[in-house]
Amino acid sequence: MQLVKSRTKWLAGAGGLPVGLLLAGCADETKPLNTFNPQGPRAELIDNLIQPIFLIAAVIGVAVVGGAIVLTIKNRVKPDDFDPDDFPAQTHGNPTLEWGWTAAPAVLLAGISVFTVFAIWDLEETNAPGGGIAGGGELDVMVIGQQWWWEYRYDVDGDGFFEDVNGNGVLNTTDEWDPADAEWPLEIALDDDDVSVANEMVIPAGEQIDLSITSRDVIHSFWIPRLNGKRDAVPGRVHSWNFVADTPGEYTGWCTEYCGLSHARMRMNVIALERDEFNRWLANQSRVADIPSEDTEAAAGRQIFQQQCASCHIIWEEGIGQDALYGRDFEAALTAKAAPNLTHFATRSVMAGAIYSTFVGLDANTNDLQPGNRNDRYLDEYLELPSFIPEENDQLGELRWNRPQLKRWIKNAPSQKDMAPEDLRGMPAFPGLTDSELDQLIAYLATLD
Amino acid sequence: MAIVEQEPLALPAGEPSRSARPLGVFSRPRNTTGLKNWLTSVDHKKIGIMYGVASLFFLLWGGVPALLIRLQLARPNQGLLSGDAYNQIFTMHGTVMVFLVVMPMGAAFANYLLPLQIGARDVAFPRINAFSFWVFLAGGIMLNTSWFLGGGPDGGWFNYAPNNGIAYSPGIGIDFWNVALMIAGFGSLTGAVNLITTVLNMRAPGMTWMRLPVFTWMTLVTQFLLLFAIPVLTVAQLLLLFDRRFDGNFFNVAQGADPLLWQHLFWIFGHPEVYLMILPAFGIVSEVIPAFARKPIFGYPFMVFSGIAIGFMGWGVWAHHMFVSGIGPLSVTAFAVATMFIAVPTGVKVLNWMATLWGGKLILNTAMLFSIGLVTQFTLGGLSGVSHAIAPADTQQTDTYYIVAHFHYVLFGGALFGFYSGLYFWWPKAFGYKLNEKIGKWNFWTMVLGFNLTFGPMHILGLQGMPRRMQTYDTSQGFNTWNMWATIGSFILAFATLSILYNALVSYLGWRRAGRPNPGPDPWDARSLEWSIQSPTPEHNFDVTPTVTSLDDWWYHKYQEDENGVLRRVASSKELAQPGNGEGVHLPAPSYWPIIVAFSLPIIGYGLIFSLWLCIPGVFLLLAAMYGWSLEPADDLDQDHHSEPEPELAQTHG
């Protein structure tokens with residue numbers, strides 16, 4: 001009997017262990033995608049809803065599993081003690097008891113469902129167009145998923161439109177607009193006064209960002225776990241969504257709807273800045289790119305870009321009308337023809353579907369590049385980044401332009417990330433580019449601040 | 001239109017024999033043993049065993065991709081599998097496990113046990129039963145030939161549009177998925193019709209609805225789910241076939257399609273599918289626990305009606321797979337609440353099983369351990385399932401490893417543990433020897449360890465934000481440790497899963513060495529009708545159709561219970577069991593046609609994928625086989641189970 005008791009206690013402890021591990025594991029704030037680490041009101045609302053429910057579930061789980069184990073141990077008959085004619089009392093059931101344990105969980109679930117339904121409608125109201133802050137947030141961003149990166153279009157002039165230059169595929173955030181009016185797949189183009197960035201969304205902290213989420217090809221899902229739950233990007237539909245990042249910082253996310261070949265390499269980055277820093281960032285993004293002075297390495301790189309890259313990538317320059325840039329044949333655009341706008345490539349901290357850092361820290365001891373471990377000072381000096389783009393910078397501990405990775409990427413992107421350029425899905429390799437041509441190209445890209 | 005059979009399968013009452021063989025295009029096969037008999041048999045027991053063998057094979061076959069997935073994810077940034085290979089492998093793992101393992105495993109138990117539990121000689125349509133199996137196998141084989149004919153499907157088992165379209169999946173893998181599963185689906189559909197008819201029409205005298213064993217009830221609910229769910233999938237697949245093969249526009253966004261159509265169709269099939277995978281296991285556990293607690297199932301009516309309730313409610317929860325798809329708050333609310341309340345009947349089952357354990361005298365053999373394993377592990381999966389019903393929280397959880405953990409807890413910790421329990425329980429009934437208990441306990445405990453080590457950490461990984469269907473991850477995401485544990489667990493689990501085959505071999509050899517002792521008709525002192533006949537089950541099942549007077553009829557032939565619930569033995573199993581003398585019992589004869597009809601379908605399927613010309617011989621063979629099927633002599637008096645020469649036969653029957 002003593003044995004049974006101590007063993008029961010041990011088992012109860014063993015039952016609690018996984019639950020404890022689970023909660024401990026989840027509370028670990030070093031996990032950048034942790035769903036239990038809300039950094040904005042939407043994610044907080046979800047977290048506040050689910051935490052007590054997890055607790056209730058854990059209690060029930062321990063009670064049921066523990067109960068079953070205790071019953072098993074208590075009631076077992078050892079093979080040696082087995083007597084074929086010794087039977088337990090033959091109970092057939094107890095309707096009162098059974099109605100009781102039908103009703104009890106039903107009542108409990110009814111209670112939980114009340115909170116759930118309120119949360120659903122709270123989130124719906126805040127996430128709807130013009131929801132949340134009265135009249136909607138300060139900033140409208142169109143989020144467009146495609147194989148295998150994210151485009152973000154900012155409605156800078158605030159006219160509510162993310163329209164293309166031909167007037168086709170007009171997308172706006174007003175209620176009257178019907179996605180069925182748009183032409184699919186969406187052409188890559190935007191309202192004259194707006195900006196388009198790739199992979200990294202920069203937002204003002206503490207303000208509501210209104211998102212209109214859609215897709216140019218297959219279904220993707222936009223998810224920044226610390227700011228809000230996920231929302232699918234469905235071609236032919238535009239989903240309203242929004243979030244607030246309470247404090248400046250970097251928030252990462254992954255595409256969470258299976259979207260084919262490189263689904264694992266379609267990630268996203270959100271950088272939240274103070275409002276004045278954000279304004280400076282936005283003003284910079286609204287500029288056209290500088291044309292490098294003649295006879296420089298960068299000027300040579302620009303020529304290579306126009307020959308090799310410009311059929312898919314756009315760099316917006318003074319004196320080149322947008323129509324000229326956008327006038328190409330995007331009819332066949334499955335996906336790859338809609339490649340990231342590189343006008344301000346050098347200001348982005350991530351590239352290639354946010355799988356590589358554009359800048360890396362140098363390890364002070366080994367002098368090795370450390371991709372994926374961005375320098376802590378990165379955020380503080382975000383706006384100063386162009387000054388970190390060195391021709392040759394040998395200082396240890398500095399942020400460095402991730403030239404080796406960039407070179408590998410341009411030379412043979414499909415070897416760095418699974419893509420199908422032969423089906424117009426993803427970036428092709430450029431085996432013909434020589435090393436010096438790559439250097440020139442990178443020198444040009446480095447001017448795109 | 002009713003077809004009047006000129007030559008009924010069974011002879012009409014009062015007509016003991018016929019002197020002449022009916023004529024037809026071909027006579028039926030005559031073998032009662034050997035390969036040819038297995039290929040042409042219409043015996044529900046042989047078909048059940050073949051379902052079991054095929055699903056165990058596919059369990060190993062589908063387990064290999066699972067191990068490859070775990071190896072690839074063991075450490076960050078591994079290159080063992082390319083993105084393309086990884087996508088094919090996780091797609092095939094899911095597809096094989098759902099369609100070729102869990103579903104046919106349920107069919108194996110249903111086929112073998114259902115006629116025995118209701119006191120019938122066979123199923124209602126024996127040839128269609130054989131067709132169901134062969135067409136499932138044909139579809140399963142065809143699906144897996146994709147590996148050798150241009151690459152496996154890479155769209156995931158859910159195969160969402162428009163990623164499943166020709167533009168985004170230009171290979172032929174998706175076509176294989178599409179066509180082969182359509183073919184296998186015919187088997188589920190005909191099987192469902194067959195078993196429903198069997199239960200409705202062929203119950204022994206006195207076997208009223210509220211005397212049906214719980215396993216039979218759960219299987220019946222399962223068949224109704226199949227009957228209505230499979231056609232929805234087939235419709236979706238047919239639309240996709242038109243899109244991919246004939247430039248249809250059902251899922252073409254550029255032509256105004258809404259890709260959510262696929263999601264709705266798929267999950268209207270897909271969620272009932274989830275319940276039809278678990279209900280047979282619930283039925284098994286409801287047989288095993290009373291047998292080894294040595295008391296009746298607690299609250300039989302609640303067990304039955306909760307199963308029926310699950311069957312009905314299973315149709316109203318599909319959109320909980322779509323909480324982030326943009327279906328609108330009203331739909332989200334409705335499906336969230338519906339999903340929450342489907343936990344109620346499931347919870348009733350768990351508590352009733354526990355109440356059956358309460359006050360029992362438990363024999364903890366392997367079958368019982370696996371059943372208790374289901375009760376505990378399924379409960380954990382059920383609880384994480386309730387957390388998905390919290391729709392706002394689901395926007396964080398969905399498409400993460402938390403979901404992977406959840407459905408492996410219900411499908412592996414639930415369904416497969418139940419099936420293993422059933423294998424250990426009914427093995428002596430099917431094969432005439434018990435499985436080794438010592439190896440069985442190793443099997444169970446390593447399985448519990450491996451299972452929890454593999455899928456337990458996935459809860460944590462998911463809540464830490466690890467998305468599903470990810471070929472790889474970085475160190476910076478902090479997923480390293482638990483992934484490594486999960487991989488270690490998966491190899492323990494693979495070892496545990498295999499050990500039942502080792503057990504079968506060792507037990508068989510030991511039994512043969514010991515001179516093939518018979519375990520007796522009722523080795524577990526169990527409750528339902530299948531234990532009232534000899535082991536292994538005689539080919540003719542019952543010598544005499546039993547007459548049923550109560551729930552657990554066989555038990556109450558052995559024991560008398562007074563009003564205080566005290567039992568008194570009145571007779572032993574050996575005295576009561578039918579001796580296994582099949583004289584005078586007439587059985588359906590084997591047939592060539594089911595397997596020929598079944599294997600004509602993949603020919604048409606390959607034609608749809610590679611060249612429509614190939615459809616012509618396929619259709620020709622199909623029509624010829626159907627012609628042969630319909631003109632086959634309805635019965636051949638040479639072919640009863642004795643296979644005795646004709647003249648004597650007429651006399652013995654007299």
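**Figure 1. Confidence of the prediction for the complex and for chain B.** The predictor assigns the complex an ipTM of 0.89 and a pTM of 0.90. For chain B the average pLDDT is 91, and 93% of the residues score at least 70. Where pLDDT is low, the predicted coordinates should not be read in detail.

**Figure 2. The contact between chain A and chain B.** In this predicted model, 87 residues of chain A and 88 residues of chain B take part in the contact. On the side of chain B that touches chain A, the elements giving two or more residues are the helices α3 (83-117), α8 (300-313), α9 (329-341), α10 (343-357), α11 (366-389), α12 (391-397) and α14 (437-463), together with the strand β2 (567-569). Of these, α10(B) gives the most, with nine residues. Sorted by class, this side of chain B comprises 45 nonpolar, 32 polar and eleven charged residues.

**Figure 3. The crossing of helices α5 and α18 in chain B.** The axes of α5(B), residues 173-201, and α18(B), residues 593-609, come within 10 Å of each other and cross at roughly 155 degrees. Angles over 145 degrees count as roughly antiparallel, and α5(B) and α18(B) are therefore roughly antiparallel to each other. Their crossing is right-handed. From α5(B), the contact is made by Asp175(B), Phe176(B), Val179(B), Ala180(B) and Ile183(B). The partners from α18(B) are Leu601(B), Pro602(B), Gly605(B), Leu608(B) and Ile609(B). By class, the contact of α5(B) with α18(B) has eight nonpolar residues, one polar residue and one charged residue.

**Figure 4. The contact between domain 1 and domain 2 of chain A.** The domain assignment of chain A gives domain 1 as two segments, 2-77 and 95-127, and domain 2 as residues 137-449. In the contact, 14 residues of domain 1 of chain A meet 16 residues of domain 2 of chain A. The elements giving two or more residues to the domain 1 side are α2 (41-75) and α3 (95-127) of chain A. The largest share of that side, four residues, comes from α2(A). The residues on the domain 1 side divide into six nonpolar, seven polar and one charged.

**Figure 5. The contact between domain 1 and domain 2 of chain B.** Chain B is divided into domain 1, residues 284-505, and domain 2, residues 518-577. The C-alpha centres of these domains of chain B lie 32 Å apart. On the side of domain 1 of chain B that touches domain 2 of chain B, two or more residues come from each of the helices α7 (260-293) and α13 (401-431). On that side α13(B) gives the most, with five residues. By class, the domain 1 side in chain B has nine nonpolar residues, one polar residue and three charged residues.

Terms used. Residues numbered from 1 in each chain as written. Chains lettered and ligands numbered in written order. Predicted model: local features only at pLDDT ≥ 70, side-chain atom pairs only at ≥ 80, totals over all residues. Contact = placed C-beta atoms within 7 Å. Nonpolar A, V, L, I, M, F, W, Y, C, P; charged D, E, K, R; others polar. Axes fitted to C-alpha atoms, helices over the stretch in contact; angles between N-to-C directions. Parallel < 35°, antiparallel > 145°, perpendicular 65-115°, else oblique. Left-handed = near helix turned anticlockwise from the far one by under 90°. pLDDT = per-residue confidence, 0-100. Domains from an automatic or database assignment.
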